[in-house]
Structure formats: structure tokens, C-alpha cells
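Subject: Structure handover and notes

Dear colleague,

Please find below the structure that I promised to pass on. My notes follow it, with the cut-offs given where each term comes up.

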Amino acid sequence: MLTFDFAILFFILGMAVFFNKSLSYIFAVLGAISCTFVGFEGYINGFSYQINVFNGLSLSIGVDKLSAVFLIIAYVCFSAIALYSIDFGKLFSKTMSFLINLTMLSMLFIFCAKDAITFLVAFEITNISLFFLILEKSNSYKQAYKFLAFSEGSSVLLMIAFAIIFAHSGNFLFQAYRNNYLFALFAFLGFIIKMDIVPTHVWIGQTYSKAPSNIAAILSVPLTLVGTYGVFRVFSLEKSVFLAIIAVILGALSAFWGALQSARETQLKTLPAYSTVENNGMILASLGVSMLARYSNLNILADFSYLTAIFLIISHSLSKTTMFLSIGHAKETLQKENIDDLGGILKNVSKSAGFGMLISGLSFSAVPPLIGFVSEWMLLESLFQSYKFQDNFFKLIVTFAGILIALAIGLSSFGIKKLVGFSSLGKSIQTIKKIPDFTIKLAENLMSALVILSGIFSFLIVFYLGYNNFLDGILGVPKPALMVSSRPIFGVVSPFMFAIVFGFLLFFTLLLKFSNKKTKTVTPWVGGLKLKENEMYNTRGYSFIVEYVLRGIYRTKEKDTYVESYDVSNLIYQGLEILFKKLSCFLSKYIMNGNLNYYIAYIIAMFIIALFIFKL
Amino acid sequence: MFLWPIYGLSKKYSKKFEFKTNNSKTVFKKSLHVFFIDGGSDVELLLEFYSLLSPKYNLHAYGIFFTNTPRHADVLVILSRPTQKMLPIIQEAISQMPSPYGVMLIENSNIGLYFEKLNLKNVVAHLKNVSEPTGILKKLIEIAQGGLIC
Amino acid sequence: MKRLLGIIKKEDSEQLFVNSGSFVGLVDNSQSKEFKAYKWQKELFESKEPKDELFNFRLGPSSGALLESVTFNIFTYGERIKEVYIDNSYKSRSIEKLMIKKDVFEGLRLAEQICTSFAFSHSCAYSKAIENAFNIQPSYKTKIMRLIFIETERIFNHIYVISRLADAAAQKVLANHLIYLFDEILENNKYLFKNRFLKNINSIGTIKYISLDQLKIFVNKLENIVNKFEKLYKFSLKSENYLDRLHNTGLLTTDDFEEFNFDGPAVKAMNFSLDTRSFEDLFDDFKPILEEGSDALSRMIVRAKEIFQSIDLIKKLLIKLQKNIDEKNKNISIDDDQQKRNTIALTESPSGTIYYYIELVGNKIDYVYVATPSFFLVKAMEKALIGQIFTDFTFTVESFGAFFSDAAK
């Protein structure tokens with residue numbers, strides 16, 4: 001495939017010219033666009049390429065429909081990130097351009113890998129290059145190591161999974177992995193760590209806020225897509241009911257927990273980080289429902305849930321990339337961390353950053369006709385169909401997942417409104433640091449447009465993915481523009497028609513607004529005095545009511561001048577941290593303390609044990 | 001058993017107070033939204049305004065309503081001559097009112113700034129030594145019926 | 001129970017105006033360490049800024065939630081009120097300064113303008129002070145009439161406060177009934193004196209002439225209104241919703257009393273009384289109303305019971321008055337003899353005791369300090385609001401029955 005070769009060529013060129021940052025990023029953009037084309041081509045006619053290394057051990061790369069979809073989504077986002085980095089990268093060192101090219105290249109191989117070796121090598125390169133990318137910002141060692149620790153945890157689980165297969169079949173190719181339960185379990189666990197599913201999400205808050213924003217976007221979207229891709233792959237290989245149930249439960253919990261934490265968060269990047277947890281939870285849950293439906297022979301529901309998962313991926317990827325790019329722009333311009341200090345992005349920083357935040361925020365809050373609305377509607381529709389399950393246990397699980405996810409959608413809307421309302425639409429006059437921003441704005445605007453267009457033309461995506469039976473035309477909506485959630489029809493929605501009607505009404509409203517010139521505009525009435533700077537309602541005020549009502553969960557403590565609340569799941573890791581510190585202290589004090597006698601005793605003991613084992 | 005609505009209706013408070021207006025037919029045509037601002041007085045005028053809410057006067061039947069912000073008001077009532085510190089607040093309130101608007105002045109004591117020296121625009125009434133609800137109500141109804149000519 | 005009523009500052013000297021038991025007078029400022037209230041009275045006008053996550057939620061000066069022009073600087077991080085600073089300087093007319101160099105009769109008119117709701121109490125306290133200074137003995141009838149009208153004032157003021165409280169606690173029907181009763185009492189006042197708030201009735205050494213028959217009609221009407229109030233009040237106590245809103249809101253402790261030295265129904269709700277009516281000879285065996293809750297509900301109950309107590313006292317006073325023959329008013333004039341005089345007097349107003357400290361040169365006022373009850377209640381209000389949520393704000397504020405014009409003077 002020509003585009004595939006081009007992509008690799010562009011990335012290598014990009015790495016080679018790292019000394020010229022702009023050129024390097026331009027190659028990255030070209031490479032990412034090529035990768036997108038690889039996805040489009042691979043979706044229609046996939047390809048596969050295999051080499052024999054020695055003695056029946058073969059390596060293979062290729063693109064099938066599943067990897068093609070992920071390639072398209074991931075590399076559309078990568079294109080925007082790379083475009084954004086042309087100007088944004090000027091604030092950072094030359095190694096960043098090199099590492100971004102490397103990350104993109106290795107991630108291409110992750111999506112195209114057909115065997116365990118290629119996959120693991122690409123996976124490790126991605127992890128390590130991202131580790132160094134996080135380090136681009138000073139004082140971020142702790143956060144970078146946390147990221148690495150979780151990534152390597154995931155790698156270890158994957159290695160175990162692959163080792164199981166190799167022991168079983170003596171082959172590294174993925175085709176051989178069908179119907180191996182143990183492999184599926186370990187691989188599933190490994191991949192959900194990459195998806196930041198609760199309780200493996202604790203690193204993201206701090207790491208996202210420390211990492212440069214383009215890197216945070218990579219961490220949030222393409223990297224979690226790797227995990228999602230892995231879970232999709234595992235489920236396509238092993239249709240285990242147990243794993244599907246685990247997926248639904250963990251997914252729903254994760255969505256709920258992420259939304260719950262985003263409702264209380266007041267840090268600019270931590271809030272979207274928790275939103276990532278929530279969205280990945282929803283993806284996992286809908287995939288689990290799809291698997292359960294397939295097992296119960298509810299094929300229409302299974303197809304619809306599967307489509308829902310893909311839509312959720314598209315929605316999360318596009319919206320979250322837009323959000324991180326806009327946040328990064330604002331954050332670098334204003335040099336602040338708290339949402340409260342970042343007021344007035346739309347007015348003060350730039351229209352495109354403010355609009356990007358607004359559109360992505362609206363998408364996460366499920367406002368029609370944006371893509372977030374379509375995907376969350378689909379998710380709720382598929383969960384509402386839990387009554388179709390024959391098995392009462394499934395019915396119960398899916399219903400409770402539906403309750404948790406509905407709560408999560410509400411809470412996340414609450415959190416996102418806080419983020420957008422206080423930062424993008426808020427009011428505050430700040431000192432602004434000028435940064436070169438042509439490509440930054442371009443990338444933001446492109447992504448905003450994609451969020452809107454993908455929502456309005458979501459029926460085209462359904463059509464492209466080949467799920468024609470979920471498209472219909474009733475109630476005056478022309479044939480393919482109406483999306484249905486089941487056959488016979490259960491629920492319908494048409495963002496396309498909504499957009500037309502809304503646009504029509506908006507036109508007249510605007511006409512009315514601009515024709516009325518007699519309107520008197522005054523500042524709000526605040527008791528007759530001018531509003532002072534320290535009298536603004538802040539984000540803490542906004543979220544305190546939730547913190548207070550849910551004080552049992554958040555461990556809210558009201559202090560004299562501030563409120564303390566935190567993510568309780570951190571406690572598990574704090575406990576583990578203390579345990580390991582004590583353990584290593586014990587080891588270094590009593591066993592590995594440099595005493596020669598101990599080492600000799602250890603060598604002899606091992607020698608004897610080995611002797612016994614091999615003799616037997 | 002003692003029921004509020006029955007108890008309330010049996011009292012017929014609003015019937016006890018007969019209030020004659022010049023032209024009762026136009027009473028319901030125009031409603032008047034009133035925002036009152038305390039100029040920094042002793043509380044006499046405030047208490048009188050508060051007692052205007054008594055069901056006896058049946059204020060809403062004459063189309064008179066109190067609002068909580070000058071932005072919704074037709075008439076701004078300044079109760080008593082203002083203190084120096086209240087002056088900017090009164091000016092801000094007037095600047096926030098949608099036109100056409102009117103300003104009604106009521107004074108009951110000889111403490112505070114002189115209304116005449118404030119150069120307030122659109123003064124539709126200036127009551128001196130009239131601090132009782134009936135007097136105030138009469139003036140408000142006059143303003144409501146006459147319409148605001150500003 | 002010691003109270004620091006105020007700090008009398010004159011040029012370079014500083015004296016403390018205190019009340020301890022039946023003693024009311026000035027002491028040297030070396031005793032300031034014994035009064036916790038000394039500190040805040042000293043630093044009354046210092047402004048403060050919010051810290052950390054707190055922000056200043058400012059209510060007022062002209063807001064729909066408040067009747068008077070006053071600013072509540074509420075420091076909060078959301079729902080919980082953490083600190084409150086009340087700025088009532090918008091209402092300050094500096095009446096104490098206006099009184100200086102004025103004739104004692106002009107001073108009386110100014111005293112009535114401090115706060116209309118307590119106009120008669122202010123007027124009585126002021127005229128008592130002047131009477132003390134010039135050794136004028138008001139007649140027996142005047143004394144009794146003054147007490148009757150102070151109790152009348154108590155009745156309409158308490159009904160007003162309870163109606164505000166009911167309005168704040170969303171008991172709109174009760175509130176409207178009470179406004180009607182409030183207005184009825186004012187109309188009744190007007191019938192007798194042509195003034196709804198009992199202004200311009202009292203004078204130094206005497207009171208406006210009213211025949212006994214008129215007074216009887218007045219008291220009868222008042223009693224009718226109080227009976228109506230009793231019916232409404234008893235019914236309102238059946239509303240658990242209403243009681244629940246007031247119960248345990250705006251709690252105060254004895255430590256708060258020691259720090260802020262407030263009095264009136266707010267103290268009676270804490271089960272002890274500083275009511276100066278206990279020392280009044282014309283009341284036989286006066287027993288102050290006490291409650292134990294120290295919350296908004298107890299303050300409301302104290303007020304309601306005081307209304308019933310007041311009407312009883314009025315009836316008793318009326319009987320005493322009947323035994324005495326009608327006497328005509330005499331004209332009182334005060335000569336300007338250029339002598340220096342100091343005088344102190346007090347009256348129990350509806351929300352607490354009013355103290356007047358006046359220095360006179362001849363018949364001209366040289367210095368005045370008025371210790372108004374609201375001045376202390378406003379500080380108590382600031383304390384009681386701390387830790388409450390915004391929903392409880394209005395109940396707490398209205399339950400004190402404080403007037404900011406009274407506090408700002």
C-alpha cells in the first residue's frame with residue numbers, strides 16, 4: 001500500500017529533520033494525513049503482509065475493518081494535534097518534534113500489528129516516547145513516572161497474555177488466539193489499564209495537568225484509543241460472557257466515578273481528564289452490552305451497541321482533542337492553572353479557543369445536534385433496551401449500568417458546564433502573553449467544525465460503517481437522515497433535521513435581534529454598587545453543593561477558608577505506596593544490605609533449588 | 001379544624017377599605033411596577049410601604065406591583081431624603097431603569113440631602129408630609145392611570 | 001451580667017459606658033480588659049478581604065431581599081456562610097452629631113427620628129434623661145401613659161417582626177394576615193394621636209392630653225387585635241414546616257453574649273433576662289418571658305408571648321389610671337443657666353434597652369451617646385449567620401428584629 005509507505009516515510013523524515021521544528025511537524029501532519037488515508041483504504045480493501053523470521057516464527061502487519069476505523073479516528077486527531085504543534089511546539093524543545101513523530105509512527109504499528117512481537121515493541125516505544133514527552137515540562141518527573149508505572153503494568157499483563165498463547169500454540173500471530181479464555185482475561189485487564197478505567201485512573205489527573213497540552217491530548221485520545229482498540233480486538237477473538245459482564249460493570253462504575261470526580265474538580269486539565277475516564281467507561285459499557293446481546297442472540301441490539309461504542313469513540317476523540325487544544329492555547333496565553341483564573345477566554349484570548357471549548361463542552365453535555373448528543377442518545381437507547389434480555393441477571397446488570405450512566409451523563413454535564421462557563425464564557429481581565437497562533441487557531445477551528453459536522457451528518461457515518469438498517473425516514477424526515485435504535489423501531493433521532501430547523505429559527509432570531517435597536521444594555525443590578533474583582537462566584541461555589549450533598553463519597557471537609565475533597569480511590573494507591581516503601585526498606589535492611597554472606601547463601605540456595613528442579 | 005383559605009376569605013379584608021378613584025374603569029388597563037429604594041431614612045416610610053402590602057389595600061387589584069430590581073420597574077420611589085452615601089446608588093438605579101420611567105420622591109423628615117438639589121429627571125411626584133399608605137396609594141394610582149409622560 | 005454600652009470619646013480622654021446589674025454609668029477605660037466587647041467596638045469600621053477560596057457575596061445596599069439600605073458582606077465558598085460583615089453606614093445620618101448645640105426640645109424630635117419603630121421608646125429615654133438633669137417630675141398620669149404607649153409600641157413592633165419572619169419562612173398567608181393586624185394597630189394609633197407611629201406625643205415632663213374614654217376605646221381595639229393575633233399565632237405553631245425552618249437556625253451562646261453584649265428578646269431566648277422593666281415600680285411583680293432554645297424559633301416565641309404580656313400590662317395600667325383624676329397638661333420650660341450637667345436614662349424598647357448619655361450646657365446639648373439595641377443585635381446577627389446556609393439567611397436576620405437605622409443612628 002502506497003499510503004502506508006508514505007506515512008512511514010513522512011514520519012521518518014520528520015524524525016530526521018528534528019532540528020527544524022516547523023518542518024518536522026509539517027512532516028508529522030503529512031504522515032498523519034497519510035495514515036488517515038491508510039485507514040480509509042484499508043476499510044474498503046484491507047491488506048496483510050507477513051514475513052517468516054525463522055523456523056515458523058512469523059511477523060505480520062495488516063489492516064482490517066476494525067483497525068481501519070481506529071486508524072481513521074486516531075489519525076484525524078493526530079493530524080490536528082500535529083498541525084497545532086507547528087506553532088505550539090515553538091514553546092518547547094526540539095526533542096518534542098522528534099518524539100511526536102516517533103509516537104505517531106509506533107502507534108501506526110500498534111494499530112497495524114498482526115502479531116504479538118510487533119505489537120509489544122510498538123507499544124513499548126509509544127510508552128517510552130510519551131514518557132519523555134511528558135518530561136518536556138520541568139518538574140514533571142513524578143507524574144511521568146506515574147504514567148510509566150501504569151503503562152508498564154499494562155505491558156506486563158499483555159506479555160503474560162501473549163506468553164500464555166505462545167505456550168499454547170507456539171505462535172505469535174493474532175489469528176491463533178481465538179477461544180483462549182486465559183489470554184482474553186489478561187489482555188482485557190492490560191488494555192483497560194490503558195483505557196484509564198477505574199481504579200487505574202489515579203495517575204491521569206496530575207499527569208494531564210503537568211504535561212504540555214498537545215501531549216495531554218495525545219494521552220487522552222490516541223493513547224486511550226489503543227486500549228479501546230485492544231479491548232475490541234480481545235472481544236472479537238474471545239466472546240466471553242464473564243468478560244462482557246465485567247466490562248459492563250467496570251464501564252458503568254468508571255463512567256459514574258469519572259463524572260462524579262469531574263463534578264467537584266476545579267483544575268483546568270484535571271476536569272477533562274476525569275471526563276476521559278467517564279467516556280472510556282461508557283465505551284467499555286456499551287461494548288459489554290453488545291457482547292451480552294450477541295450472547296443472548298439479540299443481534300439487532302448487539303449491532304446497535306457496537307455502533308454506539310464506535311460513535312462514543314468518535315465523539316470522545318473529536319471533542320476531547322478540541323478541548324485539550326483550546327485549553328492548551330488558553331493556558332499558555334494566560335499562564336494559569338485554575339479554572340477561576342482563566343475567565344474570558346472567548347473575549348480575551350481568542351475566538352477560536354473559546355469557541356473550541358464551548359463547542360466541545362456542549363458536545364460533552366449532549367447538546368443536539370453535536371456528535372456528543374448523538375453518541376449519548378445511542379448509549380441510553382441501547383441501555384434502555386435491557387428489557388429485551390431473557391436472562392434476569394443480564395437484565396439487572398444492564399439496567400443498573402443504565403442508571404449509573406444516566407447519572408454520569410448528568411454529573412458530567414454539570415462538570416463540563418463549570419469548565420466552559422467559568423473559563424470560556426467567564427469574565428475576567430488578565431495579562432496576556434502573546435504566542436504565535438496561526439496553526440493553533442487553524443487546528444482548533446478544524447476540530448470544532450468536525451465536532452459540529454460529524455454530529456449533523458452522523459447518519460453518513462452510520463451509512464459508511466455499513467449499518468443501513470439503523471437508518472430510516474419517517475415523520476417527514478427524508479430517508480437516510482433519521483437514525484433508529486432498533487427494529488421494530490424503538491427510538492428515533494435526526495440531528496440533521498434538528499440542525500436545519502434550528503438554523504432556520506436561529507436565522508430569524510438573529511434577524512429580530514439585530515433589527516431591534518432600542519434595547520438598552522446595562523450592567524447587572526448588584527445592589528447599586530459596582531461589582532468588584534473578588535466578588536465573582538467561583539468554581540468552588542458552583543460545585544460546593546455537590547461536594548456537600550455527597551460529602552460521604554468525596555470525604556468533604558469544610559475548613560475556615562477552603563473546602564477539601566478528594567478522589568477516594570487514591571487511598572488504595574497511597575496504601576500500596578506505603579506498603580512498598582516499607583517492603584523495600586525491609587529488603588534493603590535485612591536481605592540486600594551488602595553483606596557478602598547473604599549473597600553467597602542465596603547463590604548456594606538457588607543452585608540447590610535449580611538442581612532439584614532440573615533433576616526432576 | 002382551622003383552614004387558612006376559609007379563614008382568610010371570611011375576613012373580607014379588602015372590602016373593609018373603600019377607596020375611590022376618579023375613573024375606576026381604567027384601573028386594570030395599565031399596571032405599574034414599582035421599585036422602592038431606601039434613601040437612608042428612619043424606617044417610617046419603609047414600614048408604611050410594608051403595610052401597603054396589607055390585604056386591606058388590595059394593591060394588585062389596582063395593577064400595582066413591587067419589583068426587586070430597578071430593571072423591571074416603571075417607577076422608582078425614593079423614600080426619604082437620601083444620605084450622601086446613598087446618592088450614587090440612587091443614580092445607578094435611575095440609569096438602569098428602562099424608559100419611559102418616572103421617579104417619585106417622598107420625604108418625611110428634615111435630615112438628609114435636599115431633593116431639589118439633586119437635579120433628578122422625570123420626577124412624576126414629590127410628596128411632602130404625606131407618609132400614610134392611603135396617600136401614597138392614591139398617588140401611585142394617579143400615576144398608573146395617567147400613564148407615564150416622560 | 002456586665003454590658004459595655006459604648007465608648008465615650010472626647011478629645012483625648014476615653015471612658016466606658018457600662019451597665020452592670022442596676023448600675024448604669026461611666027467608668028475609666030482602664031477597665032476595658034474586663035469587656036470582650038471593647039475590641040469590636042474599637043475596630044467597628046475596619047474592612048476585611050476574603051482569603052483562599054472564599055469570595056465576597058455582597059447583598060445590598062439596595063436589594064429585593066432587604067428592606068433597609070444595608071450591605072451584607074458575606075464571605076462564602078458556596079452554600080455555607082463563613083464570615084459576615086454588615087456595613088450599615090448607608091443609613092448613618094449622624095444624629096448624635098446633629099443634636100449637638102441644639103435646644104433640648106429640638107433634640108427630642110431628632111431622638112424620635114433615630115428609628116421610627118422605636119420612636120416612642122427613644123423619645124421616653126431622651127425625655128427621662130432631660131427630666132433627670134433638670135429635676136423635673138412628670139405627673140403620675142404621664143408616667144403611666146408613657147408605659148402604656150411603650151407597650152403599644154412593643155405590640156406593633158413584635159407583630160411586624162413576626163410577619164417579616166413568617167414571610168421569610170414562606171408562610172405568606174400568615175404574613176399577610178399579620179401585616180393587616182400591623183396596619184390596624186397603626187390606624188388605631190392614628191385615631192388617637194393623628195400619628196401612626198406615636199411620634200410627637202411625648203414631650204419633656206409631660207405627654208399629649210388624651211381623655212380616659214378615648215384611651216379606653218384605644219385599649220379595647222388593641223385588645224381585639226391581640227386576640228386576633230393569638231388565634232393566628234396558635235394556628236401557625238401547628239405548621240411543622242414553619243417551625244422546622246426556625247428551629248435551630250441562628251443559634252447563639254452565652255459566650256456570644258459576653259462578646260457582643262446584645263439584649264432584648266435575643267437574650268430572653270437564651271433563658272436569662274436583662275429586662276429593665278423588672279425595676280419599674282408601676283409594674284407589680286413583672287416577670288420577663290424566658291425561652292431556652294436560643295434560636296430563631298425561641299426568639300419568635302418570646303416576641304409572641306411578650307405581645308400577650310404587654311396587653312395584660314396595659315390593662316392593669318389602665319385600671320391604675322382610672323383611680324386618678326384627669327389632670328390638665330402644664331407647660332414646661334427650661335431656662336438657659338449655662339450650667340454643665342451629665343445625665344443618663346434608659347427605656348426598654350421592643351428589641352432591648354435604649355440608653356441615653358447626655359451632657360448639657362444650660363439648655364443646649366453638648367454631647368450625646370445613644371446605646372441602641374440594634375447596634376448590638378447587628379453584631380449578634382453577624383455571629384449567628386456564621387455556619388448557616390443561604391436558605392437560613394432571611395430567618396436568622398429577621399428573627400433579631402434589629403433595625404439598621406437604629407444601629408447606624
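Between chain A and chain B about 780 Å² is buried, and carbon and sulfur atoms give 56% of that area; buried area here is the accessible area, taken with a 1.4 Å probe, that two parts lose on being put together, summed over both. On the chain A side, A:K520, A:V522 and A:W525 lose the most area to chain B, together 67% of what that side buries. In terms of contacts (heavy atoms within 4.5 Å), nine residues of chain A touch twelve residues of chain B. One salt bridge is found across this interface, the criterion being a side-chain nitrogen of Lys or Arg within 4 Å of a carboxyl oxygen of Asp or Glu. The side chains of A:K530 and B:E92 form a salt bridge, with 3.6 Å from N to O.

Please keep in mind that this is a predicted model, in which local features need pLDDT of at least 70 and side-chain atom pairs count only at pLDDT 80 or more, while totals for chains, interfaces and linings use all residues. Residues are numbered from 1 along each chain as its sequence is written, chains are lettered from A and ligands numbered from 1 in the order in which they are written, and side-chain values use heavy atoms, with hydrogens and water left out.

Chain C holds an open, antiparallel sheet of three strands in the order β4-β5-β6, where strands are DSSP runs of E of at least two residues and helices are runs of H or I of at least four, both numbered from the N terminus, and where two strands pair if DSSP finds at least two bridges between them. Because β4 (55-59) and β6 (81-87) of chain C each have a single partner strand, they stand at the edges, and one side of each is left without a neighbour in the sheet. Five bridges join β4(C) to the antiparallel β5(C), residues 71-76, and C:N56 has C:F75 as its bridge partner in β5(C).

The loop between α12 and α13 (393-399) of chain C contains C:Q388, which counts as buried at 10% relative accessibility; buried means under 20% relative accessible area, exposed over 50%, and partly exposed in between (1.4 Å probe, protein chains only). Beyond its neighbours within four places in sequence, the contacts of C:Q388 include C:I81, C:T249 and C:T396.

Finally, a search of the whole structure finds zero disulfides over all chains, a disulfide being a pair of cysteine sulfur atoms within 2.5 Å. For C:C124, the nearest cysteine sulfur is that of C:C115, 15 Å away.

With best regards
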